[in-house]
Amino acid sequence: MSVMVARKKVVRKWEKLPGRNTFCCDGRIMMARQKGIFYLTLFLILGTCALFFAFECRYLAVQLSPAIPVFAAVLFLFAMATLLRTSFSDPGVIPRALPDEAAFIEMEIEATNGTVPQGQRPPPRIKNFQINNQIVKLKYCYTCKIFRPPRASHCSICDNCVERFDHHCPWVGNCVGKRNYRYFYLFILSLSLLTIYIFTFNIVYVALSEGREVGVSGPALGCSQSLTGLTVLEVLICFFTLWSVVGLTGFHTFLVALNQTTNEDIKGSWTGKNRVQNPYSHGNIVKNCCEVLCGPLPPSVLDRRGILQQEENTAQEGSCPRAPGTQEPPATQGPGQAQEGHCVLSPQVPALSMSDTEMPEKQRTPGELPVPSPDAGRAEH
């Protein structure tokens with residue numbers, strides 16, 4: 001006999017989120033699906049620092065100062081922490097509209113624009129919003145079915161609208177937006193300092209090694225030459241990394257001072273032909289830096305680890321337990337009896353003796369148990 005059992009399967013919201021993202025650790029880590037260049041970033045940072053700590057730092061700590069490896073370790077840990085924080089966090093993804101919300105927005109748009117004759121292009125879906133006495137246009141996203149907030153944009157790689165969208169960075173494997181931009185800036189700043197630091201002390205190590213090799217011969221000379229070759233490899237990596245990372249840091253420092261995003265700078269939103277002033281700038285470099293880097297961090301609106309409960313029915317085979325003293329139900333079922341395939345558990349009812357002079361009990365509704373009379377107990381004995 002089969003029994004239908006309803007079980008509740010716990011489903012997290014991140015499992016049903018649209019977009020092209022990858023989630024790990026039960027939704028705590030959120031990244032883009034394209035993570036190959038991010039792994040290359042980790043390899044370059046970890047490989048270069050491992051060579052530096054394994055060879056140059058030991059010699060420089062003895063010859064110059066023990067503070068050299070300590071300061072290098074601090075820069076390395078800070079750069080790795082900010083990199084992982086940028087890569088694993090929600091950049092500020094805006095949830096898509098629910099079907100009811102999307103239908104309501106469509107009704108509003110139709111009521112505003114009216115019916116468009118066939119063959120004519122419908123007007124752009126734009127709302128005007130005023131910020132600091134400046135008119136800002138809110139554009140409609142046909143993918144997310146929402147009017148994007150100011151400074152938000154849709155990322156074509158992650159397929160999400162991101163609040164205060166700056167750019168999609170493949171080197172960190174994630175979008176850079178409102179919730180992780182400060183960590184991205186601190187990452188490239190600390191990486192620039194770390195690259196300059198390693199590059200400088202590698203040159204110092206090569207200079208000291210050349211002076212030490214004078215008068216050295218045999219196996220010691222071969223070992224020294226191999227270490228110098230690894231140092232030259234580090235110098236080359238740092239040299240080519242230096243220009244790109246330091247240049248990127250300078251560019252973002254300029255943007256932070258103006259309270260501007262990379263997306264706005266590329267599109268020329270506040271410069272060029274528009275000649276429109278940036279309504280988000282405070283006109284002060286210190287205030288702009290404090291707002292971008294030290295302002296309050298908004299919480300994530302995705303609720304990735306929220307629970308969605310879904311019921312699923314499973315059939316279980318087994319015998320139906322019955323109470324002691326109950327009999328098998330007859331083949332033909334009358335009103336009040338159980339249907340086929342369901343279990344009926346009924347308590348044992350003592351048999352009642354009724355004399356000829358007693359009145360017949362009143363008519364019962366189907367499924368109702370008889371109520372024993374006060375003399376039922378004595379009749380059993």
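**A first look at this predicted model**

In the second largest pocket, strand β6 gives the largest share of the lining, five residues. This is a predicted model, in which local features need pLDDT of at least 70 and side-chain atom pairs count only at pLDDT 80 or more, while totals for chains, interfaces and linings use all residues. Residues are numbered from 1 along each chain as its sequence is written, and side-chain values use heavy atoms, leaving out hydrogens and water.

**The chain as a whole**

- The chain has eight helices and twelve strands; these are DSSP runs numbered from the N terminus, with helices being H or I of at least four residues and strands E of at least two.
- Of its 381 residues, 34% count as buried (buried is under 20% relative accessible area, exposed over 50%, partly exposed in between, with a 1.4 Å probe and protein chains only).
- Among contacts between residues at least 6 apart in sequence, 65% join residues at least 24 apart; a contact means heavy atoms within 4.5 Å.

**The second largest pocket**

- A pocket here is an open set of points on a 1 Å grid over the protein atoms alone, where a 1.4 Å probe fits, with protein on both sides within 12 Å along at least five of seven lines; lining residues have an atom within 4 Å of a point.
- The lining is made up of 21 residues, and those nearest the pocket centre are Val136, Lys137, Lys139, Ser269 and Trp270.
- Both β6 (134-141) and α6 (262-267) supply at least two residues of this lining.

**Helix α1**

- Helix α1 covers residues 36-63, and its 28 residues should span 40 Å at 1.5 Å a residue, which agrees with its end C-alpha atoms being 40 Å apart (the expected span is 1.5 Å times one less than the number of residues).
- A kink of about 45° is centred on glutamate 56; the bend at a residue is the angle between axes fitted to the seven residues ending there and the seven starting there.
- Glu56 is also one of the buried residues of α1, which include Phe38, Leu42, Phe52 and Leu60.
- Leucine 40 and valine 172 are 132 residues apart in sequence, yet 9.7 Å apart in space, C-alpha to C-alpha.

**Leucine 308**

- Leucine 308 sits in strand β12 (residues 307-317) and is partly exposed, with a relative accessible area of 31%.
- Leaving aside residues up to four places away in sequence, leucine 308 touches Lys9, Val10, Val11, Lys13 and Lys16.
- Glutamate 15 is 293 residues from leucine 308 in sequence and 9.5 Å from leucine 308 in space, C-alpha to C-alpha.
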